[in-house]
Amino acid sequence: MNISTKRSLAIYFLLVLMINSCQWQTPFKVEKGVSKILNDFRNQQISDVEYDLFFNIPAKRTENIAGSMTCRFTLLDISKPVVFDFSDSLQKIKQILLNGEVIKSRYTDGHIIIPKKLLSPGEHSVEIDFTAGNLSLNRNDEYLYTLFVPDRASSAFPCFDQPNMKATFSLSLEIPAEWIAVANGALKSKNTEGNRTIYNFQKTEPISTYLFAFTAGKFTAVERERNGRTITLYHREPDQKRIDQNLDEIFRLQFDALDWMEDYTQIEYPFGKYDLVAIPSFQYSGMEHPGAVLYRAEKLFLDPTATKEQILNRASLIAHETAHMWFGDLVTMAWFDDVWMKEVFANFMAAKAINPAFPDVDHKLAFLIDHYPKAYAIDRTDGANPIKQELGNMNMAGTLYGSIIYHKAPIIMQHLENIAGEENLKAGLREYLETFAFANADWTDLIAILDKLTETDLKSWSDIWVNEPGMPVYKTTMENNTLIVLQLPQSGNIWHQYLNVLSIYGDQIHDTSVFHEGFPIEFSKVITPDLVLLNGNIDEYGYFELTQNDLNFLMSDQFFTLDVRQRSAAYISLWENMLNGNIAREKFADAFKAYLFNEDNEQAINLLLSYYPEFFWRYNDEFQRANLAEIFEPLLWEKILQTSNTSLKSAYYKAFVNTAFTIDAIGKMNALWKDELKVEGFELSVDDLTDLSFEIAVRAEYFEPENGIDHLLESQLSYLDNPDKKKRMAFIMPALSSDETVRDAFFESLRDPANREHEPWVLTALKYLHHPVRAESAGKCILLSLNMLQEIQLTGDIFFPKGWLDGTFYGHRSQEAQNEIVSFLNKNTELDPKLRQKVLQSADPIFRTVRLSKK
């Protein structure tokens, strides 16, 4: 080796040494939230995570909660520091110990960084004393509950807050002696000394941080046992009659759902004990914490006047949260971009699980009514998002939630079952659960399993349905005695699905099923059909443009020769065609009157009634509403009086109240509230009367009740003996004031995050602030609300930003409102794309109304 070669090699090795040295000296860079980069590195750096947690909860909600956390883990990679997430503040960290020794750490952008110089491969223990952050502890005067989905566990205590770092949790709580505590694990022991009690809970199975949960407060516990399984329900409902009316059914539905899931998956319930906690005005309908499922109390404890839809929704909700124990809790997505997977399986399984409990219900029709309109409501907008969305940081994971993952995804899962076959799908899902139990998986893992069971190229099929926004658009034409079915490309995409082409020629019905791959479908040697329905099997998804012949048939007496599934599919298509300007508002109103008068199927009637309030308020001006009211108010009132079915009577009643416009109708509402008018076989509950008082109050400019609106509301408030419901009503009342300055002051108060803690209360109040009858005075709040959107996303729970936008835009239909929204979007070009999508989704009815009014 010559001197030149030696010098070259020496320089090479020196450069390598320098590069490696720089890499080791470079600070570990983190950003706010958990980035995908941090997620992926930590997942291979750390394993075998266990948490021991203690929280000392005072009786007063204003006092701090002291906590301690011990985390044991195995370190596999020491090339970088160990990073714990704690998004509250450095001031709340009291002390940190590594392997029993006090250490100094660095805190940056919501992370505690343990220096790598203190680390070595192998087992470690980190102990941290802290003051818990309050963001997701939901503290009330007599109770609190945690809600950590998707990335809020680290707002309360230090942890590795990402779904693919599953861990066991051992929890201890010190609480007031008169309180009860519930957590994921079963109670191991409790000890009371004086006015304090310490609860110790058993170690959980491995779960993600967003699923860790506890509740503490003044609750009543009710226990039931069936076939060796015991379930406890914790609630705060003081009305014993209401409890007695619902309790047996709640437990029956819960036991049945667990039995059904165990049978379908062939895997026993994986998490030991199963408890339910009913929370007043809970942010979500339910949350699937294993062992401690939280529900909105109002969704479980129904009124005697509940509609069939509400009864089915309760059953679906319980089945949905139960399905999550397997899909989401046992097997969890590796990263939150696949959060849709846990929701699609929960909804898909729930639709199947409730079938045996309701033999009188057409469940295929129920699936259509529950999912298709809600999915179309997003997919038709300029803000449509794909089922699977990209995610760079967990702090934006909440923006992934919405109707697409809850409603379009189950439809696509139904399509997948149609392609793969019911038994093949079941076998594939069982293999998926067994393979990834107590671990993580993504969509490609499932597709790889199912691909072995079918000849269809599922990857190509799912690339469009799962990864692309929007929906297929279909139209039919006649050329040279040939009926042609076309799919119009959308952004270059073609969707593959089964189409059931139902064509009617006089008294002849032709029914053809075909797997449509985008090419024109031709039916030769036919005359022009009276009607063509491309969604005749009601599985098909898309916008189906109706021809003039189709519209003529659907508005004729022949329409009711179709069966109820076909009629319901037609109702949905007519609505979508009206929104797209393919049918005039006046003709739609005429058809709607005939449908409402003649339809005799309760499920189909509920579908029609779900459309009517939006049609009445959004797509009609003041003069047009008056004309509609003259027709529909007497029709709905007559249906209320004539219908013997209590559930259906309630559905007609709610539609009547929601759209009451004339003095006569509002007068009837007032008489019902005062108990001067009664409807045979229909007794209004306290909750019904509260809602009724709201609806009367918001119409003050049309009808002034005796002694005024304030007296009416104060009287209703005095009737309430449930303290939680009393607080809710008192919160909402300023939004109903006839004094605009009071309403403005209430909105101004919402700038303080503390006044937005009870999100369902806020959303109800926003609906009344922006009610159509007050839209003109509320217009000034549109831009103010939009300017708060990013803060709403940071401080609110996952559904709150979309709910905030829906409430803000609720009653508006003017060009001025559209201008405010467009101006905001144009000026805020840096707005996160997912928040921009949500603005466009919620604003779509305003944009569409303005567009249709110009036709």
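Modeller: Val473 has Tyr543 in β28 as its bridge partner. The model is predicted, so local features need pLDDT of at least 70 and side-chain atom pairs pLDDT 80 or more, while totals for chains, interfaces and linings use all residues. Residues are numbered from 1 along each chain as its sequence is written, and side-chain values use heavy atoms, without hydrogens and water.

Strand β22 (residues 473-479) and β28 run parallel, joined by two bridges (strands are DSSP runs of E, at least two residues; helices are H or I, at least four; both are numbered from the N terminus). They belong to an open, mixed sheet of four strands, ordered β26-β23-β22-β28 (pairing takes at least two DSSP bridges).

Turning to the helices, α10 (residues 422-435) and α11 (residues 443-451) have axes that come within 9 Å and cross at roughly 130 degrees (axes are fitted to C-alpha atoms over the stretch in contact; angles run from 0 to 180 degrees between N-to-C directions). The two helices are therefore oblique (under 35 degrees is roughly parallel, over 145 roughly antiparallel, 65 to 115 roughly perpendicular, the rest oblique). Asn424, Leu425, Gly428, Leu429, Glu431 and Tyr432 of α10 make the contact with Leu446, Ile449 and Leu450 of α11 (heavy atoms within 4.5 Å).

Helix α7 (residues 339-353) packs with α9 (residues 403-420) at about 70 degrees, their axes 8 Å apart. α7 and α9 are therefore roughly perpendicular. Among the residues that meet are Trp340 and Phe348 in α7, and Tyr406 and Met413 in α9.
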